[in-house]
Structures are given as C-alpha cells and as structure tokens.
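Some words used for protein structures rest on cut-offs.

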Amino acid sequence: MLKNKVIVLGISGGIAAYKAADLASKLVQCGAVVKVVMTWEATQLVQPLTFQALTGNPVVTDMFEPAPLSAITHVSLADEADIIAIVPATANIISKMAAGIADDILTCTVLATKAPIVIAPAMHNNMYINPVTQDNISKLKARGFTVIPAAHGRLASGSIGYGRLPEITEIMGIIQQTLGKKGDLAGKRIVVTAGGTQEAIDPVRYITNNSSGKMGYAVAEAARDRGATVTLITTPTGLSPVAGVDVINIRSAQQMKEAVVKATVKTDALLMVAAVADYMPKTTAAQKIKKGAGGLTLELVKTPDILSEVKGKFIKVGFAAETQDLISNAQKKLTGKGLDIIVANDVSAKGSGFGSETNKVTILKKDGKPEDLPLMSKREVAEKILDNVSKLLKGKK
Ligand SMILES: Cc1cc2nc3c(=O)[nH]c(=O)nc-3n(C[C@H](O)[C@H](O)[C@H](O)COP(=O)(O)O)c2cc1C
C-alpha cells in the first residue's frame, strides 16, 4: 500500500518527463507523500511548478539552494525516502549512476540513500540498445536497482522500437511491489486464478459467465505487494495487466486446470478466485455453426473440478459465488473439496460480486470461526483473505 509512503520521484531530462506528472498525481491519489527532484535538463522540458501543484511539496532542482531547515537537502531526501523512483531515467543519468557520479541533486540523493531504487529508462531505441547503456543497466541491476524494461512502440522521434516509457500503471505496480518486498509473504509462492472461463461452442462462440476478474486481480496485486512471488492464471478480462507478476493467459476450464497443475508443482498457496464454468459443450464444432431453420441443442458435460483434482501440500483457498443458501453451500464446498479456506460471496447482494469495485464476503475456515466482513473494496477483501493465508503459512513452518 502506498499510503503515507515517502516516494522521492526523480525526473531526468527525457521527453517522457511529461508523463511523470501523471505518475506523481496517481501516487498522491493513493496517499503517498511525493517529493520531486528534477535535473536541470528535466526542468527544460517540464516546469517544476507542475509537480509542486500536483504533489503539494516544493520541487528540488538545485543542490546549492539553501535548505529551509538547515538540513543538507540531498541527505535528508535520501534518509526520508521509503523508495526512490527515477521516471524517466535518461541514458545520461543511468551512466552517471552506474559510475557513481554525484554532480547534481538527483545523483547525489541516489548515492546517499539506503532506500530501494526503481528506474524506468526511456530514450531513443538506438540509445537504449547501445551496449554502453545496456552494460550500465546491468551494473545497476547487479547493485540491487529495480529496472523496469523500456516498452516497445512509437518513440518521440517517430520511429518504432524499444525505448518507450512503460505504462504508468505498470510503473505504479513495480513501485508497490518493491516497497512490499519484505512483507509477510516474502519468499512465498502464490498462484491466483481470475476471470470467467470461456467454453467454446465453435470457433466464434463460447459460453461464459459474468466474472470480471477484478477480485482475482486484486488478490494477485495484494499478494505481490506483501512480497510474494505471484503467478496469475487469467482468462481474457479487459483489465490492466498486473505488473510484477507472472501472467498465464488461458480461456477454458481445461486450460486453466493444466496451467494450475503446472504452476502448483512448487507453490505455497493456491487461490482459486476464477469463476470456472461447471459445464462445457461436449464437442466444439470445427467450423462456425450456421443458422438453420429450427433451434439448436447443445449437449453439455461437466468441466474438470480443478480444486478437487489438484493435489499437493499447499494452502487451498476457494471462492463460492452463490445467489442462495450462501453459507451452507460454501461450507459444503469447504469440506467436500478439502479446502483450508473458502470465501463465500453473495453475488446477488447490492455492491457485491461480479463487476463491482466492492465485495461483501464471509471467510469460512477449516479451523477457526467464520469471519463475516462488511462491504469493502475488493483490495481490502483481498488483504483479509491473505491475512488468513499468511497465518496458515506461519503455522506451517
Ligand atoms: C527534446 C529533448 C528530448 C530528449 N529526450 C531524451 C530521452 O527521452 N531520453 C534520453 O536519454 N535523453 C533525452 N534527451 C537528451 C538528454 O536531455 C541529455 O542526455 C541530458 O544531458 C540528460 O540530462 P539528465 O540525465 O541530467 O537529466 C533529450 C534531449 C532533448 C533536447
């Protein structure tokens, strides 16, 4: 979580500096305290006032400007930072940091800090792939910097290649992941499934359900931000990809089962948040079924029951999306499938279930009292579920 975290946002003189304004704004909206440090070159591209207005904090651009409280600015920034994020990072600042040069306020702050450092290189393709830049990036990685690889796409010069600043949502995700590296799930492997499976009728049609994937994505993000190594097995959802997790894209229940079996060979917990279809067409037509004179009857057969079939000594968490007899149905699933935890979710309740930003759930456990939670955001629900997973994992040591 970013709330009250001090983020020193370093901005160097790349054309993508304007995108750092969006990042600063989004970090502030998440409750972070953002302190911007700009190189002189960056101030030639975007006005410091923009960042001052967005963050509510003065922007530091000059090492020799007297500090207000007799502190040495770069040292106090280096000390108070929970994390330093340099977005964008020019080829120049990357090479300076790799060489340990400290000739401006940003490079001095970097050299003086013990906080984790994330950089997002952005530059022309030829500058990015130049062996000098790549060597410098490797050096920084070896020293513990987190480097977000530049994206592929249209560059400011008009050419296409690697060198674009990654999406701001991705950068936010990596900042959150880096901040959470020492969380209670550090060193744990967590597999999460998300979305509604698609069971093909023919090459253009399928049967699915209303699952949006939001709950599963929230669980994957929360686990990532508590230090876990996360594998997210997801159906197509239309949601922004979760940065910093290993994503496996699948469509059908059968494909999900195969992916879960593979991913759980080495895992500490499996959270089956996906809405897996109970039935699928017995056969999938090889060609598009043409509209005939009469109706169309589909024969459906049961899909694999992933939770019952996947074996292993890891924590198993299931979801029970119900519209009636919620608790008794969930309880049956908990014992019947040999789960450690089941999250009972009344998907017909107001503000709860598919597509909404919030959820109202009861967490039932193999051992322990049920937790009936009030309506809360899906991220908050995810944290509550992971509190239970974390407790069980501690007990397993
Ligand atoms: C309009 C303009 C855009 C630039 N964009 C980039 C860029 O995207 N990436 C980069 O590495 N350098 C870029 N440069 C070159 C840097 O500004 C130059 O290397 C500068 O010395 C970087 O200083 P700094 O790293 O201290 O901020 C650009 C220069 C100009 C004039």
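Q: Which residues does alanine 223 touch, not counting residues up to four places away in sequence?
A: Alanine 223 touches Leu185, Ile190, Val192, Ala228, Val230 and Leu386. Two residues are in contact if their C-beta atoms, placed from the backbone, lie within 7 Å. The model is a predicted one, in which local features need pLDDT of at least 70 and side-chain atom pairs count only at pLDDT 80 or more, while totals for chains, interfaces and linings use all residues. Residues are numbered from 1 along each chain as its sequence is written.

Q: What makes a set of residues a nonpolar core?
A: The members must be buried Ala, Val, Leu, Ile, Met, Phe, Trp, Tyr or Cys residues, joined through C-beta atoms within 7 Å. The largest such core has 60 residues, and Val192, Val219, Ala220, Ala223 and Val317 have the most contacts inside it. Helix H10 gives the most to this core, with seven residues. Another core, of 55 residues, lies apart from it and has Leu9, Val34, Val60 and Ala81 among its members.

Q: Why is aspartate 340 called partly exposed?
A: A residue is buried if 20 or more other C-beta atoms lie within 10 Å of its own, exposed if 12 or fewer, and partly exposed in between, with C-beta atoms placed from the backbone. Aspartate 340 has 19 other C-beta atoms within 10 Å, so it is partly exposed. Its place is in the loop between helix H13 (326-336) and strand E17 (341-346). Leaving aside neighbours within four places in sequence, aspartate 340 is in contact with Ile315, Lys316, Val317, Lys365, Lys366 and Leu392.

Q: How do you know that E11 and E12 pair?
A: Two strands pair if DSSP finds at least two bridges between them. Strands (E, at least two residues) and helices (H or I, at least four) are DSSP runs, numbered from the N terminus. E11 (residues 229-234) and E12 have four bridges in the parallel sense, so they pair by the definition. Within this pair, leucine 232 stands opposite valine 247, and threonine 234 has asparagine 249 as its bridge partner in E12.

Q: How many bridges join E8 to E11?
A: Six bridges join these two strands, which run parallel. One of the paired positions is alanine 194, whose bridge partner in E11 is threonine 234.

Q: What makes E12 and E20 edge strands?
A: The open sheet has eight strands in the order E12-E11-E8-E13-E16-E17-E19-E20, with mixed pairing. Strand E12 (246-249) and strand E20 (371-372) each have a single partner strand, so one side of each is left without a neighbour in the sheet.

Q: What lies across E8, E11 and E13?
A: Helix H10 (residues 214-225) does, running at about 165° to E8. Axes are lines fitted to C-alpha atoms, for helices over the stretch in contact, and angles run from 0 to 180 degrees between N-to-C directions.

Q: What is the strand order in the open sheet of five strands?
A: The order is E2-E1-E3-E4-E5, with parallel pairing. The edge strands are E2 (33-38) and E5 (146-147), each of which pairs on one side only. E1 and E2 pair over six bridges, and valine 8 has lysine 35 as its bridge partner in E2. Four bridges join E3 (residues 83-89) to E4 (residues 117-121), with isoleucine 84 opposite isoleucine 117.

Q: Why is E2 called mostly covered?
A: Five of its six residues are buried. E11 is likewise mostly covered, with five of its six residues buried.

Q: Which residues of H5 are buried?
A: They are Ala91, Ile93, Ile94, Lys96 and Met97. Their cover includes E3, helix H6 (105-112), E4, helix H7 (125-129) and helix H8 (131-142).

Q: Which residues are closest to the ligand?
A: Of the 15 residues that surround the ligand, the closest are Ser12, Gly13, Gly14, Thr90 and Met123. A residue is near a molecule if its C-beta atom, placed from the backbone, lies within 6 Å of it. H5 gives the most to this shell, with three residues.
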